[in-house]
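Subject: Structure handover

Hello,

Here is the structure I said I would pass on.

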Amino acid sequence: NDGILIENEMNSQEWLSKFNAISPELSSSIPASLAPLSSAINIVSNQSSQSEMGKVVFFVTPSLQEEVEAPLASLEDLAIQSNVHIVTVIIDSPNLFESNFSKLMENTSLLSGGRIFKFSDEILIPDMNIFFEPFRRAYELSFISNIDSPGVHSVFASIDSNGVLIVGEPI
């Protein structure tokens, strides 16, 4: 792990470009642990976010053999309290997909509002965009105008979502 590779990228195309440029050196990787997940959740939890902007942690890991139940419960609580969705990708032997670790990660991912995917040499990894697609939102704004006179007019947007009011600047 070389630290933060992509952080708070607002432009989806720039984010995808940065994501595709990541080329980890897997042959010299250190044994897996929950440390990267813990670090990511802590970083994302402490970030201020714009209203309606979600937080997602993408955790790629093999099955872990160490005892993870207690530390994972703590991370799960922090993720839920901070509204951080955990997307977990387990890459390992299919016979480990029903391991205690796999079941715990599945529960944690789903409780956080995230997802879990499991891949092995028998199950090919698809286009990575499918992992993030459920967390993307696009909005279309349309309006009907009753303006019937020529001249300069101001337009602004007002959005009320779950009790949060967002009012744009007049243009």
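This is a predicted model: local features need pLDDT of at least 70, side-chain atom pairs count only at pLDDT 80 or more; totals for chains, interfaces and linings use all residues.

Residues are numbered from 1 along each chain as its sequence is written, and side-chain values use heavy atoms, with hydrogens and water left out.

Overall make-up. The protein has five helices and five strands; these are DSSP runs, helices being H or I of at least four residues and strands E of at least two, numbered from the N terminus. Along the sequence their order is α-α-β-α-β-α-β-α-β-β. Of the 171 residues, 25% are buried (under 20% relative accessible area, with a 1.4 Å probe and protein chains only). Taking contacts (heavy atoms within 4.5 Å) between residues at least 6 apart in sequence, 65% join residues at least 24 apart.

Helix 2 and helix 3. Helix 2 (residues 35–45) packs against helix 3 (residues 69–81) at about 20°, and their axes are 10 Å apart. Axes here are lines fitted to C-alpha atoms over the stretch in contact, and angles run from 0 to 180 degrees between N-to-C directions. The two helices are therefore roughly parallel (angles under 35 degrees). On the helix 2 side, Leu 37, Ser 38, Ile 41, Asn 42 and Ser 45 meet Leu 72, Leu 75, Leu 78 and Ala 79 of helix 3. By type, the residues of this contact are six nonpolar, three polar and no charged; Ala, Val, Leu, Ile, Met, Phe, Trp, Tyr, Cys and Pro count as nonpolar, Asp, Glu, Lys and Arg as charged, and the others, Gly among them, as polar.

Thr 108. This residue sits in helix 4 (residues 100–111) and is buried, with a relative accessible area of 1%. Leaving aside neighbours within four places in sequence, Thr 108 touches Leu 72, Glu 76 and Ile 86. Its side chain makes a polar contact with the side chain of Glu 76 at 2.8 Å (a pair of N or O atoms within 3.5 Å; within protein, one must be able to donate a hydrogen and the other to accept it, and residues adjacent in sequence count only if both atoms are side-chain atoms).

Asn 83 and His 85. Asn 83 lies in the loop between helix 3 and strand 2 and has a positive phi of about 55°, although it is not a glycine. His 85 belongs to strand 2 (residues 84–91) and counts as buried because its relative accessibility is 17%. The side chain of His 85 reaches the backbone oxygen of Ser 112 at 2.9 Å.

Regards

How values were computed:
Buried means under 20% relative accessible area, exposed over 50%, partly exposed in between (1.4 Å probe, protein chains only). Angles under 35 degrees count as roughly parallel, over 145 as roughly antiparallel, 65 to 115 as roughly perpendicular and the rest as oblique.
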